[in-house]
Amino acid sequence: MLTNRVKGVEYAIREIAAVAHEVAKSGKQVYHLNIGDPVFYDFPTPEFISEALFNASKNGKNFYVNSLGVVELREELSKNLKKNQNLDIGADDILVTSGVTEGINFIVSSLIENGRELLIPGPSYPLYINYTNFYDGKPVEYELDEDQGWEPNIEDLRKKITDKTQAILICSPNNPTGVLYGEQKIKEIIDLAGEYDLPVLSDEIYDQITYDKPYVCPASLSKDVPVIGLNGFSKTHLVTGWRLGYLYYHDPENKLEELKNGIAKLARARLSSSSVAQFAAVDILKTPSNHTVDMVRKLKERRDYSYDRLRRIEGISCVKPNGAFYLFPKLDLTELGKWKTDKELVVELLKETGVCGVYGSGFGNYGKGHMRLTFLPEKEILETVYNLIEDFLQ
Ligand SMILES: Cc1ncc(COP(=O)(O)O)c(C=O)c1O
């Protein structure tokens with residue numbers, strides 16, 4: 001009965017959660033280092049943000065709203081893009097979505113069919129692979145080079161452009177590696193996209209979660225190459241469950257007109273994204289607050305601690321992440337000896353110790369032989385977790 005399209009959908013991040021559920025049922029404590037959701041840990045939604053949502057509903061904003069997004073919100077987002085990235089993006093070039101997830105769905109469904117290709121970073125956030133396959137396209141991974149601190153390998157990217165390529169996707173700060181692309185590499189990707197007349201898609205969900213290096217916005221480096229930015233409120237404003245995001249078109253030469261109209265049609269077909277979340281978001285953007293800076297300060301300590309513990313473990317090496325909240329250590333399976341694949345190791349680690357990471361092969365071909373761990377939990381939990389990992393591997 002079920003379509004092959006749906007049978008093919010895989011999502012390692014949620015799949016490992018199902019194993020964790022079984023382990024928890026057996027009475028064992030599970031340490032969740034698999035979930036990229038700060039609200040699940042000790043980063044509660046700030047009170048003024050919860051109140052904004054409550055007020056929006058109390059003030060009667062409970063109706064269907066403009067399919068492209070509430071105008072006041074798009075205007076605030078436009079001002080923010082100017083203030084933070086010096087981009088001139090009008091409210092008409094912004095579309096409010098139910099999370100970056102819906103934005104990716106809109107773009108991929110509008111660009112991909114019948115074997116068309118999307119160039120995505122490898123290792124890759126699984127959603128890019130899933131949607132591209134779902135729409136009968138081919139996800140093509142360009143290498144993020146671990147030996148070069150997970151910087152994109154531009155030669156590899158160039159080699160993989162074909163006459164079926166529809167766009168090049170950038171995800172910086174990156175999930176799963178936790179690394180920001182260097183400014184020079186972003187410039188090179190934009191130049192390459194210009195050479196082949198391709199748009200750039202930029203997943204910017206972690207743009208405000210950076211540690212040692214400042215964030216570089218791809219659109220701000222592009223004079224004429226169209227860049228579609230995808231961003232949202234989930235991580236920065238600690239409202240993952242609200243499902244609120246947006247995409248914006250940086251399109252100096254109006255090359256995206258047809259695509260924009262197509263995506264607007266899709267947006268109208270799904271009526272609107274959450275009205276109350278959108279009205280609340282207007283308040284959030286207008287209220288000065290340090291909650292993101294505070295979160296990043298706490299996270300930086302946890303990153304430093306986790307990285308320090310990880311790199312002392314034999315059989316593991318890890319590039320230090322400078323954004324997002326993930327570590328993506330390499331597992332030297334030959335040295336570790338006992339396990340044939342990353343999945344085997346990660347599942348056994350979970351069953352034996354309760355420590356739940358995500359196996360790297362869930363992030364595409366380049367993820368093999370790795371595992372992804374968040375450093376979101378409190379230091380005391382991280383301490384227990386790394387003691388358990390150390391004992392398990394030794
Ligand atoms: C790279 C990346 N993009 C998009 C998303 C999903 O964002 P949203 O909650 O806005 O749908 C995530 C969530 O973990 C992510 O890591």
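1. A salt bridge here means a side-chain nitrogen of Lys or Arg within 4 Å of a carboxyl oxygen of Asp or Glu. D212 and R303 form a salt bridge, and their closest N and O atoms are 2.7 Å apart.

2. Before going on, please note that this is a predicted model, in which local features need pLDDT of at least 70 and side-chain atom pairs count only at pLDDT 80 or more, while totals for chains, interfaces and linings use all residues. Residues are numbered from 1 along each chain as its sequence is written, and side-chain values use heavy atoms, with hydrogens and water left out.

3. Now for the overall layout. Domain 1 covers 4-44 + 291-393, and domain 2 covers 47-286; such bounds come from an automatic or database domain assignment. The C-alpha centres of domain 1 and domain 2 are 25 Å apart. Their contact (heavy atoms within 4.5 Å) takes 39 residues from domain 1 and 40 residues from domain 2.

4. How much area do domain 1 and domain 2 bury between them? The value is about 3,200 Å², with 61% of it on carbon and sulfur atoms. Buried area is the accessible area, taken with a 1.4 Å probe, that two parts lose on being put together, summed over both. On the side of domain 1, H291, N322 and Y366 lose the most area to domain 2, together 23% of what that side buries.

5. Polar contacts also cross this interface: the rule finds 17 residue pairs between domain 1 and domain 2, both residues at pLDDT 80 or more. A polar contact is a pair of N or O atoms within 3.5 Å; within protein, one must be able to donate a hydrogen and the other to accept it, and residues adjacent in sequence count only if both atoms are side-chain atoms.

6. Which elements supply the side of domain 1 that touches domain 2? Helix 1 (4-7), helix 11 (291-311) and strand 11 (326-327) each give at least two residues. Helix 11 provides the largest share, 7 residues. Helices (H or I, at least four residues) and strands (E, at least two) are DSSP runs, numbered from the N terminus. By residue class, this side of domain 1 has 21 nonpolar, 10 polar and 8 charged residues. Ala, Val, Leu, Ile, Met, Phe, Trp, Tyr, Cys and Pro count as nonpolar, Asp, Glu, Lys and Arg as charged, and the others, Gly among them, as polar.

7. Two strands pair if DSSP finds at least two bridges between them. Strand 14 pairs with strand 15 (residues 371-374) over 2 bridges, and Y359 stands opposite M371 in strand 15.

8. A second open sheet has 8 strands in the order 2-9-8-7-6-3-4-5, with mixed pairing. Its edges are strand 2 (94-97) and strand 5 (151-152). Strand 8 (residues 227-232) and strand 9 (residues 245-250) run antiparallel and are joined by 6 bridges; I228 has Y249 in strand 9 as its bridge partner.

9. Finally, some backbone details deserve a look. Most residues other than glycine have a negative phi, and most peptide bonds are trans. A cis peptide bond joins G122 and P123, with omega about 5°; P123 lies in the loop between strand 3 (117-122) and helix 6 (126-134). Another cis peptide bond links S172 and P173, with omega about -5°, and P173 is in the loop between strand 6 (165-171) and helix 8 (183-195). N114, not a glycine, has a positive phi of about 50° and is found in the loop between helix 5 (99-111) and strand 3.
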